Structures are given as structure tokens and as C-alpha cells.
Amino acid sequence: MTALLAVDGVGKRFRGLLAVDNVSFRVAQGAIFAVIGPNGAGKTTLFNIIAGTFAPDRGSIAFAGERIDGLAPDEICRRGIGRTFQLVRPFPGLSVEDNVLIGAMLRRHDPTAARRRAHEVLLRLDLFGKRHQPASALTLPDRKRLEVARALATDPKLLLLDEVMAGLRPAETDRMVSVLTELNRGSGLTILLIEHVMRAVMALAGRVLVLHHGAAIAEGPPEAVVREPAVVQSYLGAEAVE
Amino acid sequence: MIGRLFDEVPRRGLVLLAGLLVVLLAAPWIANDYLLTVLIIVLYFAYTGQAWNVMMGFAGQLSLGHAIYVGLGGYAAAALYVHFGIGPWLGLAAAIAIAMACGAIIGFLAFRFGVGGVYFAILTIAFAEFARIGFDHFRWVGASSGFFLPVANYTRNDLWNLRGNPTMFYYVMLALTIAAFALCHVLLKSRVGYYWQAIREDEVAARSLGIDTFRYKMYAVVLSAGMTAVAGVFFAFYYNNLFPEQVFHISRSIELILGPIIGGIGTLFGPLIGAFLLTGLSEAMQELLTALGFDAPGAKQVFYGLCLLAVVMALPGGVWPWLAAKLGVNGRRS
């Protein structure tokens with residue numbers, strides 16, 4: 001398998017704070033890759049650098065063999081990277097369907113074709129029955145699903161998920177895990193997720209990267225990573241492993 | 001295409017729309033001269049409100065200086081007519097081009113350098129003020145003493161030169177209003193319309209879905225400017241005089257946006273309803289005051305203020321969303 005996303009020596013400093021420090025990793029085509037770490041470890045900053053919200057101070061990012069670091073967020077989306085936001089950002093005044101429709105319009109200029117694609121995605125994310133509601137009326141779990149649906153409608157090759165499980169009940173988490181697994185297996189979608197819910201990480205990810213104070217302290221299959229002493233000490237706490 | 005235009009309008013809404021159209025088409029036979037001039041003003045505000053709504057209601061970019069596009073359009077066409085004898089329909093093309101260029105400059109400066117929200121609104125006011133002061137000293141078009149189109153008694157309507165009686169102007173304005181309404185309807189259902197709404201709702205999220213927000217905001221400003229300039233040409237040929245202090249004044253810009261705000265920002269019917277309510281009620285009140293023997297200058301402005309206050313407090317979304325729900329014409333045909 002070739003690397004779809006290659007992050008090489010990426011660093012980002014906010015004034016005195018080194019948010020991301022020389023991080024490198026590769027996400028293989030068709031993989032599910034998780035980035036974990038305690039709060040403030042730099043996960044979301046790393047994510048925002050990949051998605052184009054920030055340009056890195058140093059290092060490079062290649063997607064499908066082309067440099068993408070420093071490109072604008074919309075350009076990165078057009079290259080084939082979809083993203084969700086940790087603090088959800090639906091279009092509140094628009095219907096659930098129109099939210100997803102706008103995503104689908106990226107690759108389908110004809111509104112009818114885009115609407116068809118939006119319906120497919122809504123069905124997949126269990127939002128079809130709520131498609132006429134305004135997005136502002138949805139509950140948090142539904143909004144999280146809407147974030148995923150909207151990003152998915154842009155037909156990404158790589159989906160960046162920023163804590164989509166946070167705030168979900170265990171049953172909803174399992175449902176989301178199975179949806180993501182289906183997408184990954186069924187359509188070969190590559191997924192990079194930031195996640196705190198270890199239950200979801202263990203179930204989904206083939207590989208895990210652990211960040212601490214902006215630096216990568218471990219990388220590997222989840223079962224191996226959670227046993228590394230540095231990871232246990234900095235993030236999980238000793239009781240998590242037992 | 002025409003069929004799809006009405007896809008999501010409930011049948012009841014179509015009947016009401018057809019009824020309204022018939023009334024508006026028949027108005028010159030029913031209304032007296034005074035009422036007809038009021039209706040011309042109503043349609044003028046319905047049209048300019050629709051044009052402003054493209055920028056604010058659809059794309060979420062607040063312009064408080066739309067008088068600049070009315071003024072540039074009016075002056076461009078009037079100057080071509082007076083100085084070179086170029087008719088208003090050709091002048092219209094020049095007027096639209098100039099206003100669009102001006103909109104593009106304002107949009108480029110704002111959007112390229114990340115000026116948004118309140119600061120963008122202030123920039124639009126600043127440009128309108130530059131234009132007002134500039135035209136005050138622009139001798140070629142009469143500077144502060146005004147610019148006048150030749151007025152004569154026309155025995156017949158000359159549509160080609162926009163010279164004629166109020167009935168002709170009424171139909172011209174009605175045609176413009178209908179065209180703007182249809183254009184906005186089509187735009188809202190198209191990709192550009194959805195992209196504008198996405199930008200209005202959340203620009204960061206819009207960018208994350210691949211939308212080139214700079215480009216789409218520019219489209220909104222340029223289109224809105226061009227549409228507004230058309231009203232300016234009408235204004236010049238209808239009133240036959242242009243004064244910088246009046247045309248470019250900020251109160252003109254405010255007047256123009258009250259209709260859509262009261263009617264319902266971002267809705268198709270809002271500008272229309274708002275124009276009818278504001279102009280209709282204020283004229284009625286003026287008549288009433290005159291009949292009662294009160295002389296109250298400024299009453300119109302106080303009335304506008306009260307209307308705005310009432311709508312903001314009782315119907316924050318504007319009159320149309322509330323009215324549509326009452327009439328049962330919102331939502332989709334199932």
C-alpha cells in the first residue's frame with residue numbers, strides 16, 4: 001500500500017507555545033489512522049494544518065503525491081480531503097438536506113444530481129428522516145453525524161474526523177463506528193481521526209499516533225501503543241490498561 | 001426550465017402569485033395618477049430591495065452604501081444621454097458596467113484583506129460618501145447644483161428614449177421587478193445560490209466544503225451592484241434630475257434596505273412585501289395627516305423607525321415568513 005497522506009517534520013509555533021513539534025507520519029491508502037493524546041497535545045492544530053486552516057512553520061505535507069501544505073482550506077477540500085469540526089459548525093438556518101446538498105455540489109454542478117447524492121449520504125448517516133428539519137433543531141449527536149455527512153458528500157479520498165464520538169452515548173458511538181467501518185471497507189475511504197473515546201479508537205484504527213506536548217511519542221497498532229509505558233504515563237493512566 | 005421554476009412552490013402560492021400579478025398588470029386602469037406614482041415608488045423599492053437582498057440576504061454581506069450604485073447608474077446613463085445623445089438602453093449597459101466595476105473594487109478590497117462584518121459595512125458607507133463628495137465637485141455632471149435631463153411634453157410614449165407618461169414608467173418598473181424576482185428565484189435554486197447561503201451561515205464551514213468564498217462573495221457584490229444600477233438609470237429618467245446630496249446620501253441607502261428587512265431578509269417575497277408595507281403605509285399616513293390639517297415634516301422618518309422597531313420586536317425574521325405560514329404557502333409541495 002502506498003501512502004495517501006505523508007506528513008514530514010511538521011512544526012507549528014503560536015508565539016511561545018510549540019503546538020506541533022516535528023511530527024511525521026504516513027497514512028496508507030485505505031487505512032484508518034487515529035491520532036490520540038491528552039488535551040492540549042496539539043492534535044487539533046495538526047489537523048488544522050493538514051486541512052489548510054494554518055500553514056505549518058516547517059515541514060511538508062503531501063497528499064496523493066502532491067504538496068498541499070500552505071494551500072487554502074477550500075483548495076484542500078477540492079483536492080479530496082473532507083473534514084469535520086470538533087465544535088460542530090452546521091449551517092444552522094438551512095435544512096439538514098441543504099447542508100449536505102451544499103457539500104455534494106462540489107463535484108456535481110447539477111442540483112438534481114447533487115440532491116440524489118445528498119439523499120444517499122443522509123440515508124447512510126441515519127439522517128434521512130430528519131432531512132427537512134433546520135440544522136439548528138438537531139441534537140448534538142445528530143449534528144455530529146451531519147458534520148460527517150456534509151464532509152462525505154464532497155466525495156473525499158481522505159476524511160479527517162475531529163472528535164466525532166465526543167458527547168455520544170456508547171450505543172451511538174457503536175453506530176458511528178459501524179458506519180465508518182462500512183465506508184472504509186465498502187468504498188475504500190481513508191480515514192484520519194482524532195479521538196478521545198478509546199473504545200472507538202480500538203475498534204476502528206489500524207494504526208495510532210500518540211501526541212504529547214506537540215511531539216509524537218509513539219506510533220503503531222493500537223494494541224501495542226496502549227501498552228507503551230510513555231503512553232500509559234502521559235495519557236491513559238495506569239488503570240486504563242488493566 | 002419554466003416548470004422547474006415552480007417545483008417547490010405550493011399550488012396555493014402560485015394562485016396568490018398569479019392574482020398579485022394580474023392586479024399589478026391592471027393597476028394603471030384602476031388607479032388614479034396619484035396612486036400610480038405611489039405604486040411606481042413601491043416597485044422601485046421592491047426592485048432595489050431585491051438587488052440588495054442578493055448581497056445581504058443571500059450571501060450575508062451587509063452593504064449600507066447601496067446608494068452609490070443607484071447614483072453611478074443614474075449619472076452614467078444621464079450623462080451619456082445629455083452629452084452624447086446616447087439612449088438610456090445603451091446607457092444602461094454602461095451604467096451596469098460602471099457599477100459592477102465599483103462593486104468589484106469594494107469587494108476586492110474587503111474580501112482580499114479580510115474585512116468583514118461591521119467593518120465591511122463601514123467600507124460600503126465610506127465609498128458612498130466618497131462618491132457623494134466627489135460628484136459634488138464633478139462639473140461635467142453639474143456638481144452640487146444638480147444634473148438635469150431635458151423635460152418636454154411628450155404626446156406619446158417613447159420607450160426607446162424612456163420619455164413618456166407615468167403609465168409607461170410603471171410598466172417598465174414592473175417588468176424590472178418581475179425580472180429581478182425571477183432571477184433571484186433561479187439563483188437561489190442553483191449552485192451559486194446555495195453557495196451564497198453557505199457563506200452567509202458559516203464561512204469557515206463553507207470553505208471546508210471546497211467553496212472558494214472570495215469568488216462567490218465577489219459574484220454577489222458585483223451582481224447586486226449591477227442590478228441596483230438599473231434602478232439608478234430608471235431613477236434618472238423618471239425624475240429627470242440628480243443631486244449628489246440626495247442620490248448618494250446615506251439616508252437613500254438606509255431607505256433602500258428597510259423594505260427587505262421588514263419584509264424578510266433572504267426571502268424572495270420579503271423585498272416586495274416590505275416595499276408595499278413601508279411605502280403604502282407611509283403615504284397613507286401622510287394623506288391622513290394632511291387631511292387632518294397637521295403639518296409634520298419628518299413624520300415619514302419617524303414612521304419608518306416605528307415600523308422597524310415593531311418588526312424587530314414582534315417578527316424578527318420579517319413579515320413574509322410569518323405571513324407565509326399564515327397563508328399556508330411555505331414549505332414544499334408533497
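Reader: What order do the 6 strands of the open sheet in chain A have?

Author: Strands of a sheet pair through backbone hydrogen bonds, in either a parallel or an antiparallel sense. In this predicted model, the open sheet of 6 strands in chain A runs in the order E6-E7-E8-E3-E9-E10, and its pairing is mixed; strands, of at least two residues (E), and helices, of at least four (H or I), are DSSP runs numbered from the N terminus, and two strands pair if DSSP finds at least two bridges between them. Strand E6 (81-83) and strand E10 (215-220) of chain A are at the edges with a single partner strand each, so one side of each has no neighbour in the sheet. On average, neighbouring strands of this sheet are turned by 15 degrees against each other, direction ignored; axes are lines fitted to C-alpha atoms, for helices over the stretch in contact, and angles between N-to-C directions run from 0 to 180 degrees.

Reader: In which sense do strands E3 and E8 of chain A pair?

Author: Strand E3 (residues 32-36) and strand E8 (residues 190-194) of chain A pair in the parallel sense over 4 bridges, with Ile32(A) opposite Ile191(A) in E8(A). Residues are numbered from 1 along each chain as its sequence is written, while chains are lettered from A and ligands numbered from 1 in the order in which they are written. Local features need pLDDT of at least 70 and side-chain atom pairs count only at pLDDT 80 or more, whereas totals for chains, interfaces and linings use all residues.

Reader: How are the 4 strands of the open sheet E2-E1-E4-E5 in chain A paired?

Author: Their pairing is antiparallel; 5 bridges join strand E1 (residues 3-14) to strand E4 (residues 58-63) of chain A, and Ala6(A) stands opposite Ala62(A) in E4(A). Helix H1 (residues 43-51) of chain A lies across E1, E2 and E4 of chain A, at about 60 degrees to E2(A).

Reader: How many residues does each of chain A and chain B give to the contact?

Author: Two residues are in contact if their C-beta atoms, placed from the backbone, lie within 7 Å. Chain A gives 21 residues and chain B gives 18, and on the side of chain B that touches chain A the largest share, 6 residues, comes from H8(B). By class, that side of chain B has 7 nonpolar, 5 polar and 6 charged residues, where Ala, Val, Leu, Ile, Met, Phe, Trp, Tyr, Cys and Pro count as nonpolar, Asp, Glu, Lys and Arg as charged, and the others, Gly among them, as polar.
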